[in-house]
Amino acid sequence: MSGDYRSRVERKQATKQVKSKKAKKRKTKSAFKMIVLTLVIFMMLSIIGGIAAFAYFVKDAPPLDEAKIKDPLSSTIYDMNGRKIAELGGQKRTYISYSDIPKVLENAVLATEDARFYQHHGVDFIRLGGAVLANFKEGFGAEGGSTITQQVVKLTFLSREKTLKRKVQELWLALRLEQKYSKHEILEIYLNKIYYSNGVYGVAKAAEYYFGKTNLKDLTLPEAALLAGLPQSPNNYNPYERPEAAKQRRDIVLSLMAEHGFITKEEAEKAKQVPIQSMLVDRKKHNQSAAIPYDSFIDEVIKEVTDQANVNVYEDGLKIYTTLDPDAQSYVEDLLNSNDLFTDKKDLQAAIALIDTKTGEIRALGGGRNEEDVTFGFNYATQRVGQPGSTIKPILDYGPAIEYLQWSTAHQLVDEPYQYSNGTPIKNWNGTYEGPMTMRMALAKSRNIPALKALQAVGLERAKQFANKLGMGFDKIYESYAIGGLEKGVSPLQMAGAYSAFGNNGVYIKPHAVTKIVFPDNTEMDLTPKPKVAMKDYTAYMITDMLKTVVQSGTGTLANVPGLHVAGKTGTTNYPEDVARQYGLPSNAVPDSWFVGYTPNYTAAVWTGFSKRSSTANLSIYEQKLPRLLFKKVMAHVDRGGEDFPMPKSVVKLPIKKGSNPPQLAGKFTPKDEIAYECFVRGSEPTETAKDEQPIAPTNLQATYDPAADAISLTWQYDNDLENVAFEVRIKNDKGETAVLPATNLSLTISRPTKGAVYTFEVYTISKDGQVKSEQPATATLQVPDDQQNSETTPPPEQNGNNNNGSTDGTNNGSNNNGNGGSNSSGEQNSNGGGTDGNTIPTNPTTPPTQNNDNNNTTGSNSTNRIGKSLLPSSGDGSTISIP
């Protein structure tokens, strides 16, 4: 029985397990079906949604207007006030057909821009898929998948904003364009539309401009590769201005041609060996049938718009809003083209870049001299013109030292014989050495050796980082850069942008000429650069404070403008020794001179140099001053003044005893001429005070009255050197009369005192600047006899160890304690200078007298003090004063 029971129980359990497994399988199948159904529904909804979105975006797409493909629309340019200043359009170009395009050029373009051009129908979905993946990883707009057909659409019909809507419209119009035009026609349109920098549109004009070839079939492989690579970023790959970047881009095109089988690897490598410069003809200027006004400025406008918006300013019907100040631009152009300042030296050139200090907006660009007959020639204001010389020192040397090391403006550097790290000697501009000096004075005097020491203390890498935040674009720097020995030159606009950050509280805004562009469909693109914090506010202010010293008392005084708060730096350069020998120039010949400066409102960089090297390309002493003179004229014209640069809370400015190292605070008794005000990063200021001694008091003050001369003689002693001190004599009597008189020697004579009055005299020692006084005076008291006491007899004066010489005509004899000199009594003053002479006692005896700053006292010289009509000579030892 028990066996049967177990069998029945087991059978029931087994049956339950089988049923349970079947139920689980049914649930799993049901869940899988639900997931699949959900995915199918989601995909269908996504497709429907995608179609709906596509249709929504496409409905606003502009029509495929054939006229726009062939008939260009001119663009209008507006100034800072919204007034029209120029219209660009109708530019002459050489139009070519597909039959004019050589295979080597076509292959270079296809390998670079659209290798599957002949396989797709306007949109390359394989390439687009790769771009979509990249955009998911790096953000929308990270990589483009545009075909040549799509680029024609962008160049002709759409704005350049990177949005999903514009991309959908681009795809739609590209598909439609391929239905209307053949591949050869589309390629022809593309090659006639694209921009090649330097104001050149279309491949035919580009071949002529760069290579001097009017027949495209004469193009070589390296030339075709260079042209194919330019459109991606025309100005950045400009072979005249950036030959290294142009070569790198050309070589990439050659590698792509080999990769896609258009050429062999051997052909690519051979073509890569051709130097860029050997391919180019001399740079040409664009002659225009109708000159464009403000062409130096508009040249920069075209570059910015084509770089950032990738449009054709001559055909796309744009409204371009700029930062131009027409008054400033006209003044700069007239100044550069006038003969008021310039000499007639051959090939002498100059350029000016003027920007708004606070916004980076370009107000005027003076691109060169005597170029009124051409448009868009070489723009000396925006292109590299030469090394910056000492104008680089705030950017690479002292700015980084304050930023990273928190040096104060009082930081001591020794100007002494010195070498670069490789052992090469470095010299100052005048070949001399001045020993220890503050960083402020090293910059003000433009000393080279302290600048190099500052760069070495900071380190090359940190200095490079600091400079690049100011738009300098250094890949690598060397110690020679400390004094401006750059491998590549700089442009005035670049230098103006860097300096403007010092005047803008450390905020760098890239100089720009365009604020926005409006497309024919009224969509707008904002081209205003975003502000970037380039340095601490204390760095900006302390550099500015030092650069103000450069203008006030250093090498830049010629640039100072009365009524404006000006900071700036001078700079000059020299030729390398081999170049100077090549052109027969002296070893100290100067090819470039700079001044870069700013106020709270404007920043300007001014360069003077030569358009080419020659035996006369050497700036004279006067010509080296031209940038300072030009800067002063421009600033005086445009700047209406205003508040000074505000000192941030991160900076403290303190009185420092000159020559102290480390810096010491000026003490209570530090002479004024030994005090300098210096800036410190808050928290790093000195706490030790200079222990300057208070002047000791004079001693043995003696007062005697001479009845014959009717004068009181004061004498005293001083136990230290008289070189740095003077004396202050305080006089009062019991009649209420007072006077305060200066003296530089050890005696003073007072004529015609009040009869019967009791006089009290106090003599203090003071510093020459009058700022520090001895704590105690020497004192003496004397009563002057009245007339009644002197009526019967006139006793001889007290000699007090001194002799009295002079005239005996019954008037003032000009008592001379050392037996020297005398005087007349004609009632007119005879002034020959010296000592404390020339003091005038005012009619109000309580008012201190006016002081004479001539302290070169010479024994035996006579000078007098005028009181009413009285002429009173003094001895060489002191002064003669008349008491009313």
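Reply: Buried means under 20% relative accessible area, exposed means over 50%, and partly exposed covers what lies in between (1.4 Å probe, protein chains only). Lys-272 has a relative accessibility of 14%, so it counts as buried. This is a predicted model, in which local features need pLDDT of at least 70 and side-chain atom pairs count only at pLDDT 80 or more, while totals for chains, interfaces and linings use all residues. Residues are numbered from 1 along each chain as its sequence is written, and side-chain values use heavy atoms, without hydrogens and water.

Lys-272 belongs to helix 11, residues 265-272. Helices (DSSP H or I, at least four residues) and strands (E, at least two) are runs numbered from the N terminus. Apart from neighbours within four places in sequence, Lys-272 is in contact (heavy atoms within 4.5 Å) with Lys-247, Arg-250, Asp-251, Leu-254 and Ser-255.

Residues 243-259 form helix 10, whose axis comes within 9 Å of the axis of helix 3 (residues 103-113), and the two cross at roughly 95 degrees. The axes are lines fitted to C-alpha atoms, for helices over the stretch in contact, with angles from 0 to 180 degrees between N-to-C directions. Helix 3 is therefore roughly perpendicular to helix 10, a label for 65 to 115 degrees; under 35 is roughly parallel, over 145 roughly antiparallel, and the rest oblique. On the helix 3 side, Val-104, Asn-107, Ala-108, Ala-111 and Thr-112 take part, and they meet Arg-249, Val-253, Leu-256 and Met-257 of helix 10.

Burial can also be followed in other parts of the chain. In helix 7 (residues 183-193), nine of the 11 residues are buried, so this helix is largely enclosed by the rest of the structure. Among the buried residues of helix 7 are Lys-183, Glu-188 and Lys-193, along with Ile-186, Leu-187 and Ile-189. Strand 25 (residues 778-783) shows an alternating pattern. Strand 25 pairs with strand 24 (residues 758-767) in the antiparallel sense, over six bridges; strands pair if DSSP finds at least two bridges between them. In this pairing, Gln-783 has Val-758 opposite.

A loop residue can be buried too. Leu-470 sits in the loop between helix 18 (460-468) and helix 19 (492-503), and it counts as buried because its relative accessibility is 0%. Its contacts beyond four places in sequence include Ile-395, Ala-498, Phe-502, Tyr-508 and Met-535. Met-535 is 65 residues away from Leu-470 along the chain, yet their C-alpha atoms are separated by 9.1 Å.

Elsewhere, five strands make an open sheet in the order 5-4-16-15-14, with antiparallel pairing. Strand 5 (362-366) and strand 14 (567-572) are at the edges with a single partner strand each, so one side of each has no neighbour in the sheet. Six bridges connect strand 15 (residues 593-598) with strand 16 (residues 602-610), and Val-596 faces Ala-605 of strand 16. Helix 14 (residues 326-337) lies across strand 4 (348-356) and strand 5, at about 20 degrees to strand 5.

For the protein chain overall, there are 23 helices and 28 strands. Of its 884 residues, 52% are buried. Among contacts with a separation of 6 or more, 69% are between residues 24 or more positions apart.
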